[in-house]
Amino acid sequence: MATGRTHRPATRSRGIPEATVARLPLYLRALTGLSERSVPTVSSEELAAAAGVNSAKLRKDFSYLGSYGTRGVGYDVEYLVYQISRELGLTQDWPVVIVGIGNLGAALANYGGFASRGFRVAALIDADPAMAGKPVAGMPVQHSDELEKIISDNGVSIGVIATPAGAAQAVCERLVAAGVTSILNFAPTVLTVPDGVDVRKVDLSIELQILAFHEQRKAGEDAAAEAAEAAAAPPPVAPPAPPAEPAADPAAEASAAQDGTAPGRKGPDGDVPAVMPA
């Protein structure tokens, strides 16, 4: 089986845009799920939804692979799995070393997805002498003094850095000097590498901060929407006032007082007028 040191991916020579390359693993993951369920074909709309992209972008991406599907049928799932795997270089064996076997490094070593995707963890390396020989994920940890020999013996071209930030650059330089040309960096720092070396950075804290930004923005939008809704609501309607009693007529009251018909005026014997005529 070919190793990563002698076979490089063909994507750059074929002129596939980097943005498309970044989406190919998303398509492969969705297609692998379909393959495991024995789904023979898939439409661009269904696959795009599963991968989280729009269907027009998916069709454009696949056109770079020379795959256009069949109208009314869709794409052949198994063929696309092979085609994308080949384009990503996953039909080859890629030995990988993980440097820094702390909590994160140990978790990466125990990740079962490497082998199923064409990556073989060739060695676990740590600078702590107390870690040497300790089994992690069924492999003995090796001391960093042996890093260059390990890379040479295993034909490693991909290194994973899971060290503290302060040690990452020095580890990176040793990896590059030993022949590693691709690095996956989990250390919370920016690495400086020469031309021809690819670095992919994974920073969980940055991803969480980006999510916090979106949460804050959504909360602000919700508050603004509530304020706008309150401003647009009609003002409350006050209950109608009771009808006003008609104004009294002074002349009528005087006349009623004289003839004893004034309302509400009663004598000591009930309805007898209080003032009797002479």
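The buried residues of α1 (18-36) are covered by elements that include β1 (41-42), α2, α3 and α4. Buried here means under 20% relative accessible area, with over 50% counted as exposed and values in between as partly exposed, for a 1.4 Å probe and protein chains only. Helices (H or I, at least four residues) and strands (E, at least two) are DSSP runs, numbered from the N terminus. The model is predicted: local features need pLDDT of at least 70, side-chain atom pairs count only at pLDDT 80 or more, and totals for chains, interfaces and linings use all residues. Residues are numbered from 1 along each chain as its sequence is written, and side-chain values use heavy atoms, leaving out hydrogens and water.

In α1, the buried residues are Thr20, Val21, Arg23, Leu24, Tyr27, Leu28, Ala30, Leu31 and Leu34. An α-helix has 3.6 residues a turn, so residues three or four places apart point the same way. The length of α1 agrees with expectation, because its 19 residues should span 27 Å at 1.5 Å a residue and its end C-alpha atoms are 28 Å apart. The expected span is 1.5 Å times one less than the number of residues. Just after α1, Ser38 takes a positive phi of about 60°.

The largest nonpolar core has 23 residues. Such a core is a set of buried Ala, Val, Leu, Ile, Met, Phe, Trp, Tyr and Cys residues joined through side-chain atoms within 4.5 Å. Tyr27, Leu31, Leu47, Leu58, Phe62 and Ile84 have the most contacts inside this core. At least two of its residues come from each of α1, α2 (44-51), α3 (55-64) and α4 (77-88). The most come from α1, which gives seven. Leu58 is in contact (heavy atoms within 4.5 Å) with Tyr27, Ser44, Leu47, Ala48, Val53 and Tyr75, leaving aside neighbours within four places in sequence. A second, separate core has 21 residues, including Val99, Ala122, Leu147 and Cys172.

Ser85 lies in helix α4. This serine counts as buried because its relative accessibility is 13%. Its side chain reaches the backbone oxygen of Val81 at 2.7 Å. Beyond neighbours within four places in sequence, Ser85 is in contact with Leu28, Leu90 and Thr91.

The protein chain holds 10 helices and nine strands. Of its 278 residues, 34% count as buried. Among contacts between residues at least 6 apart in sequence, 57% join residues at least 24 apart.

Methods:
A polar contact is a pair of N or O atoms within 3.5 Å; within protein, one must be able to donate a hydrogen and the other to accept it, and residues adjacent in sequence count only if both atoms are side-chain atoms.
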